[in-house]
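Here is a short report on how one protein model is put together. Please keep the structure in view while reading.

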Amino acid sequence: MGYKILLPQEIMQEGREYLESRGYELITGSGLEEEDIIRDIKGCDGIIVRLSKMSRKVFEAADKLKVVVRHGAGYDTVDLEAAREHNVMVCYAPVANSMSVAEAAMMYMLNCSRNFKKTQKHFIDDFYYAKLKLPRVEMDGKTLGLIGVGNIGSRVAKKALHGFNMKVIAYDPYKTQAEVPEGVELTDDFDQIFKESDFVSLHCPANEETYGYVGKRELELMKPTAYLINTARGKLVKEDELYEAMKNERIAGAALDVMIEEPANPDNPLLYLDNVTIGPHLGAATIEATDRASLHCAIGVDEVLSGKKVTWPIPEMKDFCLKKVSV
């Protein structure tokens, strides 16, 4: 077959074996940065990207590239306009990590509801203050508001409904009531989610429509006892406005698995607030999710380069004519 697939970052063994057993040559990249990809991409027919960005400069440097596959559910690091201009198909792994991210969302809700960051800070120095004086609430019977009810949002809804006896309301302009899990109340009123929810959890992609989705206005709609959870993309939240709200204790707490700048800038003041929990984008970082993502990416590469129907094209590429891709 002779196709070369660039791996700027290692993929799991199941994905490697899938490609190697079908005759693909796997090229280990020299680094994750743009200049590394530009140097390594020449002569490669495909690339599986995890942390690396696929910029216009990368597409311009690629002389044989036919397919890019994102090792996860997000693809905002890929310049889609440049991909189309260079006749490159873009796929992703939207269902590979949905369970892991949904579990992470529930973890962050529990962390917030039990005021765990403050508890950890104080319990060594003052055990009884940490145990008895810090406010904590149950999740049972509370209202969860979802922004986005796709693969991940739907799993979160089911866990909240059946595992925590929560009421779930959701906003998703691309879904009908029949398309969301039973028990979820779909609303076309974006503001209702913030006004009524005890927990607001974000599960939508980052694009021009959703950048800065949550800021001062939305935070001021929330109950003072409510919590904001973001396991989707950092660009959904206006971090400077969230900082002001949390510094002034406008809402009870927030948990961010994702940030606008990753790795997080040590100067970001959100990192040092007691009512904000921040993780290193670990939602999909489980053994199971990583194994599935590697395999699904390998399948995507093979589907494109073999001329098969693509199982997981990114939504913006569903109308992309594969016949244009010369293999």
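## Sheet, helices and cores

Strand S6 (residues 143-147) and strand S7 (residues 167-171) pair in the parallel sense over 5 bridges. Strands are DSSP runs of E, at least two residues, and helices are runs of H or I, at least four, numbered from the N terminus. Two strands pair if DSSP finds at least two bridges between them. Leu-144 has Val-168 in S7 as its bridge partner.

This is a predicted model: local features need pLDDT of at least 70, side-chain atom pairs count only at pLDDT 80 or more, and totals for chains, interfaces and linings use all residues. Residues are numbered from 1 along each chain as its sequence is written, and side-chain values use heavy atoms, without hydrogens and water.

S6 and S7 belong to an open, parallel sheet of 7 strands, ordered S8-S7-S6-S9-S10-S11-S12. Its edge strands are S8 (184-187) and S12 (276-278). The twist averages 15° from one strand to the next.

Angles run from 0 to 180 degrees between N-to-C directions of axes fitted to C-alpha atoms, for helices over the stretch in contact; contact means heavy atoms within 4.5 Å.

| Helix | Lies across | Angle |
|---|---|---|
| H5 (residues 98-113) | S6, S9, S10, S11, S12 | about 155° to S10 |
| H8 (residues 151-163) | S6, S7, S8 | about 175° to S6 |

A nonpolar core joins buried Ala, Val, Leu, Ile, Met, Phe, Trp, Tyr and Cys residues through side-chain atoms within 4.5 Å. Buried means under 20% relative accessible area (1.4 Å probe, protein chains only). The largest core has 49 residues; Phe-59 and Leu-65 are among those touching the most other members. H12 gives the most to this core, with 8 residues.

Terms used: Buried < 20%, exposed > 50% of the residue type's maximum accessible area, 1.4 Å probe, protein only.
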